[in-house]
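The following account leads through a protein model from its overall architecture to individual side-chain interactions. The reader may wish to keep the sequence and the coordinates in view throughout.

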Amino acid sequence: MPLAPASVGVIFDDAHLHLLLVKRCDVPVWVLPGGGIDSNESPIQAVVREIYEETGLNVYVERQAAEYTPINRLAALTFVYVCSIKGGEIKTSNETREVRFFAINQLPPDLFTPHRDWIHDALTSTSTVKKPLTQITYFATLKYFFKHPIHILSYAWTRWIKKYFNH
C-alpha cells in the first residue's frame, strides 16, 4: 500500500540565516516539520496544521518550493513549502522531542538525508522544483539499516507494527 502524500515546511528566521528543524520522537533524527495530508485537506492546509502540531508555531505559506514524486513504495508524494512564522510559541509535542533553529551552514549531521536536498532546493530555486524522490531507495534503506538498525526498527514499529496491532 503506497504511503499517503505529505507536506513539509522550510521555515527560516527573519534574516533567512537559520532554519527550524524538529527531532522526531519515534526515530531520533532531525527533519523538516510536516507530515501526512489528511483526506479532507489540501497540501497547504496540511503543512500549516502539521507545523503547528509539531512546533506550536502558526505559519503562513510564502510559496511552494518543490514537489517530489516517489519512485517506490518507501516514499510518498511530498510537497515542500517555504513558510514564515506569524505567531505561536515553540514547544515540543507527542511527535517531537526537540524543536530548534540551526544556522543554514551548520545543519545537524543526523538530518534526514532527503531533507538536506529539499532545503537546498528551497534555497536555490525561485520556481517550484518538480523531480523524482531518488534519495529514498531500497538500497539506501538497507545501507541505513546497517548503520542505524534501531532507527529503522523504531520507524517500522511506529509506522506499521503498532498500527496493525491497534486495529
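Helices (H or I, at least four residues) and strands (E, at least two) are taken here as DSSP runs, numbered from the N terminus. On that basis the protein contains four helices and eight strands, and the order of its elements from the N terminus is β-β-β-β-α-β-β-β-α-β-α-α. The model is a predicted one, in which local features need pLDDT of at least 70 and side-chain atom pairs count only at pLDDT 80 or more, whereas totals for chains, interfaces and linings use all residues. Residues are numbered from 1 along each chain as its sequence is written, and side-chain values use heavy atoms, with hydrogens and water left out.

Some overall values come next. Of the 167 residues in the protein, 38% are buried; buried means under 20% relative accessible area, exposed means over 50%, and partly exposed lies in between (1.4 Å probe, protein chains only). The accessible surface amounts to about 9,600 Å², with 58% of it belonging to carbon and sulfur atoms. Such areas come from the Shrake-Rupley method with a 1.4 Å probe, and for residues only the protein chains shown count as cover. A contact is defined by heavy atoms within 4.5 Å. Among contacts between residues at least 6 apart in sequence, 69% join residues at least 24 apart.

One sheet may be followed through its strands. Two strands are said to pair if DSSP finds at least two bridges between them. Three strands form an open sheet in the order 3-2-7, with antiparallel pairing. Strand 3 (30-31) and strand 7 (96-103) stand at its edges, each with a single partner strand, so one side of each is left without a neighbour in the sheet. Strand 2 (residues 18-24) and strand 3 run antiparallel and are joined by two bridges; V22 has V31 of strand 3 as its bridge partner.

Where does T55 lie, and what does T55 touch? T55 belongs to helix 1 (residues 43-55) and is buried, with a relative accessible area of 0%. Leaving aside residues up to four places away in sequence, T55 touches L20, V22, P33, E89, I90, K91 and V99. The T55 side chain also reaches the backbone nitrogen of L57 at 3.1 Å, a polar contact (a pair of N or O atoms within 3.5 Å; within protein, one must be able to donate a hydrogen and the other to accept it, and residues adjacent in sequence count only if both atoms are side-chain atoms).

The charged side chains complete the picture. A salt bridge is a side-chain nitrogen of Lys or Arg within 4 Å of a carboxyl oxygen of Asp or Glu, and the structure holds eight of them. One of these joins R24 and D26 (2.4 Å, N to O); R24 is partly exposed at 25% relative accessibility, and D26 is partly exposed at 22%. Another joins D38 and R49 (3.6 Å, N to O). D38 lies in the loop between strand 4 (34-36) and helix 1, and R49 in helix 1, so this pair ties together parts that are eleven residues apart in sequence. In a further salt bridge, the closest N and O atoms of K131 and D121 are 3.1 Å apart. K131 lies in strand 8 (residues 129-133) and D121 in helix 2 (residues 113-124), so the pair ties together parts that are ten residues apart in sequence. K131 is partly exposed, with a relative accessible area of 35%, whereas D121 is buried at 8%. Finally, salt bridges that share partners join D38, E41, R49, E50 and E53 into one network.
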